[in-house]
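Reader: I am new to this model and would like to understand the words used for it. Could you take me through them slowly, setting each value against its cut-off?

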Amino acid sequence: MKSLDIHKSEYLKQFETQTYGRNLFRTQEEERLDAPNEECGIFGMYSDNDLDTFSLSQFGLFALQHRGQEACGISVLKDGKITNMKDEGLVLDVYKEIQDPEAFMGNSAIGHTRYTTAGDKKKYNFQPFFAKNEYDQIILSIAHNGNLTNARELKNELEAEGVVFRATSDSEVILRLIQKNLDLGLRGAIKATMEKIEGAYSVVGMTRNKFFAFRDFNGIRPLVLGAVDEKTYVVASESVALDAVGAQYVRDILPGEIIYTNENEPGKLNSYMVNEARGKQRICSFEYIYFARPDSTLENINVYEIREKSGEKIWEQAPVDADIVIGVPDSGVPAAIGFSKASGIPFRPVLIKNRYIGRSFIVPTQEMRERVVNLKLNPIISEIKDKRVVIIDDSIVRGTTSKRLVKILKDAGVKEIHFRSVSPPIIAPCYLGIDTPSKDDLISANMTTEELRDYLGVDSLEFLSTENLKEILGSSNHCFGCFTEEYPVGKGEEVELFN
């Protein structure tokens, strides 16, 4: 039997060249309906020297592909001119559409890979967003990860002042507020914007001679800073994007912090705290459970280690006699390894992935859509037939995927099934940059654990407790809103952002 260290090494190595997929049992429709969906990934880099920003931004965004697969875009600064490109599709597909890579090589670039959390799925909502002057030149471009809770109110105010909106995304509110206040200087414009907007936001951006990034006062969405050399800086949603471009991790951008360059001090990156008294660390706990790539480090906490510890902890919380433990690829595997380590129950990677399958199947019926999943993942029946199996998954949202997984295992002849979720029950939607179903559709908000156990048809079911999650994270200074219905900021109006 392979050692657990070898399993860990093989598991992490694959994501250097292949896209991280959180739960490969989900159909494409279930990725939208039966999961807390990705919020978005942002990337930015600046140098005093010219760079191959075309290639480097592509590498960085590919490393963040798991955060959004709907659309991708970049803005590049070259010789004082900003050029923008954005389109529907995966990162590599969008970059293939760029006919002249030389036009996207400069000294600064920002990029975005998108999943819709606010606004509709039209091309005018793809990022980066940009503002033009009267000569039709782009003077400002931003990419945003998060969700504003007072966007409607601010949009109405700006429209009353004559500001014209081109999209239906809360991210454009940030753009227009910065644009409106540019007479205060870049730092002053961002400060004025941060004092108006509420919610979750990590932002990278550029003007025709400056680069900047900033983060909300609670630091809800992640944002890390790295450096290639003394004059080349990188900012990204996760540290894996720094690794992808050869940058060293420096630190996380602080809640309420602006970092920016100044044309009078080439190569220097400045820092400014907008209001230190307001700055609090409340990063989303679900980043560690589900969203972030397992080889990322956020707030000096390694994501893989948290997931492995969650498996160890749920064994302590809810031990069970079993023959093997399996993790739902990809996000459930580290916790399954941790469960095995703590319990001594052998870990088996019995759900075999077909990495060559893409998203190209077009099938009209639900029955055929479910068969597509069997092309993506297939169990090794000889490993599980007549066995007592522990399934480790990251979470249960609507429950439809979990129920189908249980059926697949029962059809393979499993003797007993013990289900363990390494997140607490999700009882509330997120208003801060994650696309979750409404409370009516969250199964744990509407069923007791016993009722859900019977619905899934398993022999036992346990969720990691919120207290144990806090213990693993080493702090209560996170957002636990989807587990507790208590948020670090007001959730705003429960209405569509724009009519």
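**Rings, charges and strands**

Author: Both Phe54 and Tyr95 are buried, a word that stands for under 20% relative accessible area, while exposed stands for over 50% and partly exposed for what lies in between, with a 1.4 Å probe and protein chains only. Please keep in mind that this is a predicted model, in which local features need pLDDT of at least 70 and side-chain atom pairs count only at pLDDT 80 or more, whereas totals for chains, interfaces and linings use all residues. Residues are numbered from 1 along each chain as its sequence is written, and side-chain values use heavy atoms, with hydrogens and water left out.

Reader: What makes Phe54 and Tyr95 an aromatic pair, and what is the kind of that pair?

Author: The structure holds 12 aromatic pairs, and in the pair of Phe54 and Tyr95 the centres are 5.4 Å apart and the planes stand at 65 degrees. Rings of Phe, Tyr and Trp (its six-membered ring) pair if their centres lie within 6.5 Å, and planes under 30 degrees apart are stacked, over 60 edge-to-face, the rest tilted. Since Phe54 belongs to helix H3 (residues 53-63) and Tyr95 to helix H4 (residues 91-96), the pair ties together parts that are 41 residues apart in sequence. Helices here are DSSP runs (H or I, at least four residues), as are strands (E, at least two), numbered from the N terminus.

Reader: Which kind of pair do Phe286 and Phe483 form?

Author: Their centres are 5.7 Å apart with 45 degrees between the planes, and the pair is tilted. It links distant parts of the chain, as Phe286 sits in helix H9 (residues 286-291) and Phe483 in helix H18 (residues 481-484), 197 residues apart.

Reader: Are Glu159 and Lys155 buried or exposed?

Author: Glu159, at 36% relative accessibility, falls in the range called partly exposed, whereas Lys155, at 13%, is buried.

Reader: What are the values for the salt bridge of Glu316 with Lys313?

Author: Here the closest N and O atoms are 3.2 Å apart, and both residues lie in helix H10, 3 residues apart, about one turn of the helix. Glu316 has 55% relative accessibility and therefore counts as exposed, while Lys313, with 12%, is buried. Elsewhere, salt bridges that share partners join Arg67, Arg221, Glu238 and Glu287 into one network.

Reader: What makes Cys40 count as buried, and what does UniProt list it for?

Author: Its relative accessible area is 5%, and Cys40 is therefore classed as buried. The unreviewed UniProt entry lists Cys40 for "active site"; such positions are given in the numbering used here, with shortened feature names, and annotations may be inferred rather than shown by experiment. Cys40 lies in strand S1 (residues 40-47) and, neighbours within four places in sequence aside, is in contact (heavy atoms within 4.5 Å) with residues including Arg67, His112, His144 and Ser237.

Reader: How do you know that strand S8 and strand S12 pair?

Author: Two strands pair if DSSP finds at least two bridges between them. S8 (residues 211-215) and S12 (residues 257-261) have 3 bridges, in the antiparallel sense, and so they pair; Ala213 stands opposite Ile259 in S12. Both strands belong to an open sheet of 6 strands, in the order S5-S6-S7-S8-S12-S13, with antiparallel pairing.

Reader: What makes S5 and S13 the edge strands?

Author: Strand S5 (129-132) and strand S13 (269-273) each pair on one side only.

Notes
A salt bridge is a side-chain nitrogen of Lys or Arg within 4 Å of a carboxyl oxygen of Asp or Glu.
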